[in-house]
Amino acid sequence: MKHHGILLTFVALLLFALPARPDDDPLRRWRHDVQIRPVSPGERHSIHSYFNTCPESPDGKWVLFYTSATPDAQRGEVRIRERATGEEKVLARNVSTEDAHRAACQQWVSNGHRVVFHDERDGEWLVAVVDVATGNERVLARDRLVSWSQPNADVVPLYGKHWNPGPHRDLELLNVATGEIRTVLTADALKAAYPQWIAKRFGDKPVSIFFPVLSPDLKRVFFKVASAGNGNPRSGGASVREGLVCYSLEEKRFLFMNEKWGHPAWHPDGRTIVELSFTLYDSNTGKMQRTPGLPSYGSGHPSASPDGKLLVTDVTMDKLGGSATHWGVAVADARGTNHVVIHEADNSRGARSWRRSHPHPIFSADGRRIYFNVSSSQWTQLYVAECAQ
């Protein structure tokens, strides 16, 4: 029996050491025959908003993007394009943005029946929602901006203008169906939870909750902390923004705080946060774990596939032995080690916004497509990469 046990252990170790079977390789479909093309070709900018939200509708029918014909891309339209026919529909015109980096923060909500975005109109910042079927628009919040929710949800997080929040320093949730706005966490409670760090980082300046991102199950949120700067929203000195704070909306308690904010995104498990260089945080504890065997991708924008088996990020190609002006889109096995760069392009041109547009790659809901921005010509354009069958 003793020899039998040793034999079984040896066989188990041998099987573990063998290369993964082709059908056990989640990268298999991304290694060859990936089709890459612009979503909406033309002499204009077409920009998807960020790596925290997918521009494709939950049913896969439409693609949402911001488009502009101005050099800096800071005024334009919110559009959707039908994937099957190429037909486009304008949801909002004359939209003003902070920059071309996140455009109008446009995103799908209400299972794809509505689109929410923010805009500056006559000097006032506001949050509006459009019914996709009818085109009807409603302005639901003023003096605030919208941050990232989930496409199946009716609620989106709001935050005050980080350069001048006024009375809107707290985290609020807006219900886009009813129009109700409710406060779920105050800046005073945040300050009471982390007084030493806030005093060290922001002194005695008033702080506000900035850039909240809701988890897939809507039970948690992470955000930055901000204090007003020079008051100009279209400048790098608009505010001081730092820290990664995670809070349980369900349990009404703080979970953890990291002094540095990288480029975080929620993992589909609703508990893990994906960060720079494929570092993973347990949002219960803040414990950090680096995905093994992958190169350091620097300050890219990582996110996970819907099934959690793959990670995707943009990366300046100098991190992989190329040019710093070129950006790549890299897909990695979430278990580590294996990765593939599916696209590389010059990113030194594009929209002349004070804050540049980055690729910000993200998977579609079915995991078969990755959307990202490319700035290799005078126009920043939204591209899609579709994997092999």
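Residues are numbered from 1 along each chain as its sequence is written, and side-chain values use heavy atoms, without hydrogens or water. In this predicted model, local features need pLDDT of at least 70 and side-chain atom pairs count only at pLDDT 80 or more, while totals for chains, interfaces and linings use all residues.

**View 1. The largest pocket has a volume of about 530 Å³.** Here a pocket is an open set of points on a 1 Å grid over the protein atoms alone, where a 1.4 Å probe fits, with protein on both sides within 12 Å along at least five of seven lines; lining residues have an atom within 4 Å of a point. The volume is the space filled by probe spheres set on the points, which are joined across faces, edges and corners. Look for Asn 52, Cys 54, Gln 150, Pro 151 and Ile 362, which lie nearest the centre among 26 lining residues. The lining has 16 nonpolar, 9 polar and 1 charged residues (nonpolar: Ala, Val, Leu, Ile, Met, Phe, Trp, Tyr, Cys and Pro; charged: Asp, Glu, Lys and Arg; polar: the others, Gly among them).

**View 2. The second largest pocket holds about 300 Å³ of space.** Of its 17 lining residues, Asp 25, Pro 26, Asp 307, Lys 309 and Leu 310 lie nearest the centre. Its lining divides into 5 nonpolar, 2 polar and 10 charged residues.

**View 3. Four strands form an open antiparallel sheet in the order E10-E11-E12-E13.** Strands (E) are DSSP runs of at least two residues, numbered from the N terminus, and two of them pair if DSSP finds at least two bridges between them. At the edges, E10 (144-146) and E13 (181-185) each pair on one side only. Further in, E11 (residues 155-160) and E12 (residues 171-175) pair over 4 bridges, with Val 156 partnered by Leu 174 of E12.

**View 4. Arg 44 and Glu 88 meet in a salt bridge at 3.0 Å, N to O.** A salt bridge is a side-chain nitrogen of Lys or Arg within 4 Å of a carboxyl oxygen of Asp or Glu. The partners are 44 residues apart, with Arg 44 in the loop between E1 (35-38) and E2 (45-47) and Glu 88 in E5 (residues 88-96). Arg 44 is buried at 15% relative accessibility, whereas Glu 88 is partly exposed at 22% (buried is under 20% relative accessible area, exposed over 50%, partly exposed in between, with a 1.4 Å probe and protein chains only).
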